[in-house]
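Hi,

Here is the structure I promised to pass on. Have a look at it first, and then read on for what turned up.

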Amino acid sequence: MKKTKPVERRVNAERQSLLNQLEGWLEVPMLLLGAIWLALLVYELLWSISRGMEILGTTIWVIFIIDFSIKFTLAPVKIEYLKGNWLTALSLIVPALRVLRVVRAVRVLRAARAVRGMRLFRLITSVNRGMRALGSSFGRRGFGYVVALSVIVIVAGSAGMLTFERETPGGMQSYGDALWWTAMMITTIGSDFFPKTAEGRVLCFFLALYGFAVFGYVTATLATFFVGRDADNAVSEIAGTKDINTLRHEIRQLREEIAFMKK
């Protein structure tokens, strides 16, 4: 038993290395496919997709399944991989309902709430896939990542809000109205419109959470920019990197002088 543990650890390390290489190779293609997938979903929420678009979406979905299956097979610890990608796994199950015509059966039964709930779930999982794809490319760092992610959230969130709220009394009437409302929600300014459907309220809650998180990040980024600019100014009261390096150099020289005097 003791002899197999080092071999098992070596095999797991090789599988993890191969998994990391595969993710690096597929980073850009999966990012593009994720963008197309999300665009098809937004188009479907706003209008009805054609047969060709439906085939394209199904093809991308099959590619996602193959990608997830290969990565799951290579993952050395399957449970840990599922814990980190459980929402991605669920996002691959929902399109299967379309293939099995379950969604159409639900529509026949006039269960509008179930249809809206499924649309909300598809929207959240699709945005999550876009976030993960962007995170792989941008490393979840930098202002560019936040801007790109905010565009995705606003575009997809607007489509979802219009889908859920346009049939309610006094609801949104156009995608432009939904874009304006979502942008105001993300910037924490808000508006005088409040969602009336349960799905719209859930989506509004997630948009508000994202808005608070992004607002804090943007505030910190702007503060860092202005503080750094003031620190570079020679007459500023804020100590910059040059001042700190100069102070360190003077302290080092002072220590050398004290050590020399003690001799």
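Let me start with a question: is glutamate 54 buried or exposed? Glutamate 54 is buried, because its relative accessible area is 14%, under the 20% cut-off. Before you read further, keep in mind that this is a predicted model.

**Salt bridges**

That glutamate has a charged partner. Glutamate 54 makes a salt bridge with arginine 51, and their closest N and O atoms are 3.8 Å apart. Arginine 51, for its part, is exposed, with a relative accessible area of 56%.

The salt bridge count comes to two. The other one you'll want to look at is between lysine 71 and aspartate 67, where the closest N and O atoms are 3.3 Å apart. These two also sit in helix α3, four residues apart, so again about one helical turn lies between them. Here both ends are tucked away: lysine 71 is buried at 12% relative accessible area, and aspartate 67 is buried at 10%.

**Aromatic rings**

Searching the whole structure turns up seven aromatic pairs. One of them is phenylalanine 68 with tyrosine 81, a tilted pair with 5.8 Å from centre to centre and 45° between the planes. It ties together distant parts of the chain, since phenylalanine 68 is in helix α3 and tyrosine 81 is in helix α4 (residues 78-84), 13 residues apart. Phenylalanine 68 and tyrosine 81 are both buried.

Tyrosine 81 also pairs with phenylalanine 72; that pair is tilted too, at 6.4 Å centre to centre and 55° between the planes. How exposed is phenylalanine 72? Its relative accessibility is 26%, so phenylalanine 72 counts as partly exposed, while tyrosine 81, at 12%, counts as buried. Taken together, the ring pairs link Phe68, Phe72 and Tyr81 into a cluster.

**Helix α2**

I also checked the length of helix α2, residues 27-46. Its 20 residues should span 28 Å at 1.5 Å a residue, and the end C-alpha atoms are 29 Å apart, so the two values agree. The buried residues in α2 include Met30, Leu33, Trp37, Leu41 and Val42. Gly34 and Glu44 are buried there as well.

**Threonine 168**

Last stop: where is threonine 168? You'll find it in the loop between α8 (143-165) and α9 (175-186). Although it is in a loop, threonine 168 is buried, with a relative accessible area of 14%. A polar atom of its side chain lies 2.6 Å from the backbone oxygen of glutamate 165. Setting aside neighbours within four places in sequence, threonine 168 is in contact with Lys196 and Thr197.

Cheers

Notes
Residues numbered from 1 in each chain as written. Predicted model: local features only at pLDDT ≥ 70, side-chain atom pairs only at ≥ 80, totals over all residues. Heavy atoms only, no water. Buried < 20%, exposed > 50% of the residue type's maximum accessible area, 1.4 Å probe, protein only. Polar contact = N/O pair within 3.5 Å; in protein donor to acceptor, adjacent residues only side chain to side chain. Contact = heavy atoms within 4.5 Å. Salt bridge = Lys/Arg side-chain N within 4 Å of Asp/Glu carboxyl O. Phe/Tyr/Trp six-rings, centres within 6.5 Å; stacked < 30°, edge-to-face > 60°. Expected span 1.5 Å × (residues − 1).
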